[in-house]
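Here is a quick tour for anyone opening this structure for the first time. Have a look at the sequence and the model, and then we'll walk through some charged pairs and some strands.

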Amino acid sequence: MTDTRTRSPEIRLAADAIGGLRQDLFHDVFAYRPLGPLSTDGPVIRRLPAGIRRRAVWFPHAVVAGVAGIALIEGLAQGNGQFFAFVVALLPVAALLMTLVRPVLAFWISIASTPVVAVLGQGDWPWGPSAFVCHLGVLVVAAARTRPRAAAWMWLITLVAGSFLSEIGPGYSDISVMAVTSAFALLLVATVRVRRDAEREVTVQRTVTAVERDRRTLLEERTTIARELHDVVAHHMSVVAIQAEAAPYRVENPPPELEQAFATIRENAVAALTELRRVLGVVRADDHEAPDAPQPTLAELDRLLANVRETGLETEKAVTGAVRELPQGVELSAYRIVQEALSNTLRHAPGARAQVEIGYVLGGLGLRVVNGPAQGLVKPSPGAGHGITGMRERVAMLNGEMTAGETEDGGYEVAVFLPVPGQRDGGGEA
């Protein structure tokens, strides 16, 4: 047997063509494939009223049934009451209706019934008016429900069968009319099918791209948070190591057990700091430069609000509860959340007023940033939606709670609670 790799390109092309014919028109020819309703979110159906929309999804079925009904009436009228008139009219109509459940089988039934209808009928050869319309409908519906390659095979088989019947027919043949009409119809169906598949592929790619973009944004936000918290944690670990090293010298004649305990604490702190820097090296980009300035806290919030006011955003700050020093990670996250909320206000609600509320409550810190609707002639600039993602990541990292959404007047509100375990309300200036 000749290896397919040694065959000529012509032989391989012919083998592929025969294999495609077998796959498209002979494999699972009896498969049950009912035509489902149209989607309600289509460009036309979604604009219809709800009552009409529920019926419009069955529009293809209604068209096929309507054409079949007209063809049946036409076929019976041409029979002039003869015995075989019902058979002549029913066979093409049955093939057309079968395309709704078994399109490939419907095509073969239409081809097989063509000589029967041609012999028993008294119309044009080999397709009378009723049979012509029904077979054209079978080609169109079957092509719409199969691949473009299958439509090409159906058109070619129709021409071969029609040409053979024309040779043995009484003389006049409408094969040329069928060839031209069906070619234009199938070309139109194939074009619509290819375009629809392309649009579906583009939609899928856009969905995948959006998911990947959101995932990348989430990872970038987490990386940014990790970089910022590294400085906070590294500072505390460095303090622990230094204090553990200096502690034995603060006590006169410390016992060996105490010196060993502090030495162990220092070693563990240095090891933890080393591992922390190694982990940070994995998430830090090659071109990332560590900030020289210390990470901001809520004490620098007034400076942030002053900078925001210089851009034209009117802001007000309200502080409730006893102001106290919070863990540096909480202070940093709170500052970044307020900063991002005000940035969103600048982008999405130019000309609006913003209110920043900070509440020092028992067990944590409450934040609320609310702004009104956009005002003035400046148009809002669209954002990528990364700000809310970053806020949620920071809140989730601290086991906090966050809500964000539009207000009744068309503005936007961000409310956050950051828990601080083990802290009580302390005294301080409000």
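R353 is partly exposed, because its relative accessible area is 45%, between the 20% and 50% cut-offs. Keep in mind that you're looking at a predicted model. R353 has a charged partner: its salt bridge is with E314, and the closest N and O atoms sit 2.3 Å apart. E314 lies in strand 1 (residues 314-320) while R353 belongs to strand 2 (residues 353-361), so this pair ties together parts that are 39 residues apart in sequence. E314 also counts as partly exposed, at 45% relative accessibility.

Now for helix 8, which covers residues 175-246. Which residues do salt bridges with shared partners join into one network? They are R193, D197 and R200. D197 meets R193 through a side-chain salt bridge at 3.5 Å, N to O, and D197 also bridges to R200, with the closest N and O atoms 2.9 Å apart. Why are R193 and D197 about one helical turn apart? Because they are four residues apart in helix 8. D197 and R200 are three residues apart in that helix, so about one helical turn separates them as well.

As for burial, R193 counts as buried at 17% relative accessibility. D197 is partly exposed at 30%, and R200 is partly exposed too, with a relative accessible area of 46%.

| Salt bridge | N to O distance |
|---|---|
| R193 and D197 | 3.5 Å |
| D197 and R200 | 2.9 Å |
| E314 and R353 | 2.3 Å |

These pairs are among the nine salt bridges that a search of the whole structure finds.

Back to the strands. Is strand 3 (residues 364-371) largely enclosed or largely open? Seven of its eight residues are buried, so the rest of the structure largely encloses strand 3.

Strand 3 has pairing partners, and strand 2 is one of them: the two run antiparallel, with eight bridges between them. Within that pairing, V356 has V369 of strand 3 as its bridge partner. Strand 2 and strand 3 form a hairpin with two residues between the strands, where G363 takes a positive phi near 95 degrees.

Strand 5 (residues 412-419) is also joined to strand 3, again in the antiparallel sense and by eight bridges. There, N371 has Y412 of strand 5 as its bridge partner.

Conventions: Residues are numbered from 1 along each chain as its sequence is written. This is a predicted model: local features need pLDDT of at least 70, side-chain atom pairs count only at pLDDT 80 or more; totals for chains, interfaces and linings use all residues. Side-chain values use heavy atoms; hydrogens and water are left out. A salt bridge is a side-chain nitrogen of Lys or Arg within 4 Å of a carboxyl oxygen of Asp or Glu. Buried means under 20% relative accessible area, exposed over 50%, partly exposed in between (1.4 Å probe, protein chains only). Two strands pair if DSSP finds at least two bridges between them.
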